[in-house]
Amino acid sequence: MNFKALALASVIGLSAPAITEAAFTSGSASAMPTDYVRVGGTFIDANQEWVVRLYTDQFGAYTYEGENIKTGASITLKNPEVSREEQAYIYTFKNGGYSYKIIHNPANQKSIALYVFNPSGKVILTREMILDWDV
């Protein structure tokens, strides 16, 4: 009987739950708060220039789709970092050095705020957006 192989298999088998526990603890940056509510729907700004769609895709990834209606430019981002400030949730989607922040207060299901930051941290776009059933 190969005792080295048996010993190695035992150590690996016993350590797998510990590795899994370390990798999936709730302290990670992408963990959801216990009272987390995903805002969903299609939102549009007052100028009807920007559309943002927020939804959970078929694989369970929380997804941001942003589109400039006038130019046709669009972006899709997934799996934001989620934080909370007072009564609002902040969903931060990343694209390279750019950050797309959606701020949502669950007490007001019909609006969100969108902030886009460039890699140096400067705000390059800010929009108040309302839920739109027609888009």
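## Salt bridges

Glutamate 49 and arginine 127 form a salt bridge in which the closest N and O atoms are 3.5 Å apart, a salt bridge being a side-chain nitrogen of Lys or Arg within 4 Å of a carboxyl oxygen of Asp or Glu. Because glutamate 49 lies in the loop between β1 and β2 while arginine 127 belongs to strand β9, the pair ties together parts that are 78 residues apart in sequence. With a relative accessibility of 18%, glutamate 49 counts as buried, where buried means under 20% relative accessible area, exposed over 50%, and partly exposed in between, computed with a 1.4 Å probe on protein chains only. The model is a predicted one, in which local features need pLDDT of at least 70 and side-chain atom pairs count only at pLDDT 80 or more, whereas totals for chains, interfaces and linings use all residues. Residues are numbered from 1 along each chain as its sequence is written, and side-chain values use heavy atoms, with hydrogens and water left out.

By this rule the count comes to 4 salt bridges. Another of them joins arginine 53 to glutamate 67, with the closest N and O atoms 3.6 Å apart; arginine 53 lies in strand β2 and glutamate 67 in strand β3, so this pair ties together parts that are 14 residues apart in sequence. Arginine 53 is partly exposed at a relative accessible area of 24%, and glutamate 67 is partly exposed at 27%. Lysine 78 forms a salt bridge with aspartate 57, where the closest N and O atoms are 2.8 Å apart, and this pair links distant parts of the chain, with lysine 78 in strand β4 and aspartate 57 in the loop between β2 and β3, 21 residues apart. Lysine 78 is partly exposed, with a relative accessible area of 40%, whereas aspartate 57 counts as buried at 11% relative accessibility. Salt bridges that share partners join Asp45, Glu49 and Arg127 into one network.

## The sheet

An open sheet is formed by 9 strands, which follow the order β4-β3-β2-β1-β9-β8-β7-β6-β5 with antiparallel pairing; strands are DSSP runs (E, at least two residues), numbered from the N terminus, and two of them pair if DSSP finds at least two bridges between them. The edge strands are β4 (74-78) and β5 (81-85), each of which pairs on one side only. Neighbouring strands of the sheet are turned against each other by 25 degrees on average, direction ignored, the axes being lines fitted to C-alpha atoms and angles running from 0 to 180 degrees between N-to-C directions.

Strand β1 (residues 41-45) is joined to strand β9 (residues 123-131) by 3 bridges, and the two run antiparallel; isoleucine 44 has isoleucine 130 as its bridge partner in β9.

## Two hairpins

The antiparallel strands β5 and β6 are joined by 5 bridges, and the bridge partner of arginine 84 in β6 is tyrosine 89. These two strands form a hairpin with 2 residues between them, and glutamate 86 in the turn has a positive phi of about 55 degrees.

Strand β6 is mostly covered, since 6 of its 8 residues are buried.

## The nonpolar core

The largest nonpolar core has 19 residues, of which Leu54, Tyr64, Phe93 and Ile102 touch the most other members; such a core is a set of buried Ala, Val, Leu, Ile, Met, Phe, Trp, Tyr and Cys residues joined through side-chain atoms within 4.5 Å. Two or more residues are given to this core by each of β2 (50-56), β3, β6 (88-95), β7 (98-104), β8 (111-117) and β9. Leaving out residues up to four places away in sequence, tyrosine 64 touches a set of residues including Leu54, Phe93, Tyr100, Ile102 and Leu114, contact meaning heavy atoms within 4.5 Å.

## Glutamate 65

Glutamate 65 is found in strand β3 (residues 62-68) and, at 23% relative accessibility, counts as partly exposed. Apart from its neighbours within four places in sequence, glutamate 65 is in contact with Val51, Val52, Arg53, Tyr55, Ile75 and Thr76. The C-alpha atoms of glutamate 65 and valine 51 are 8.0 Å apart in space, although the two residues are 14 residues apart in sequence.

Terms used
Helix = DSSP H or I, 4+ residues; strand = E, 2+ residues; numbered from the N terminus.
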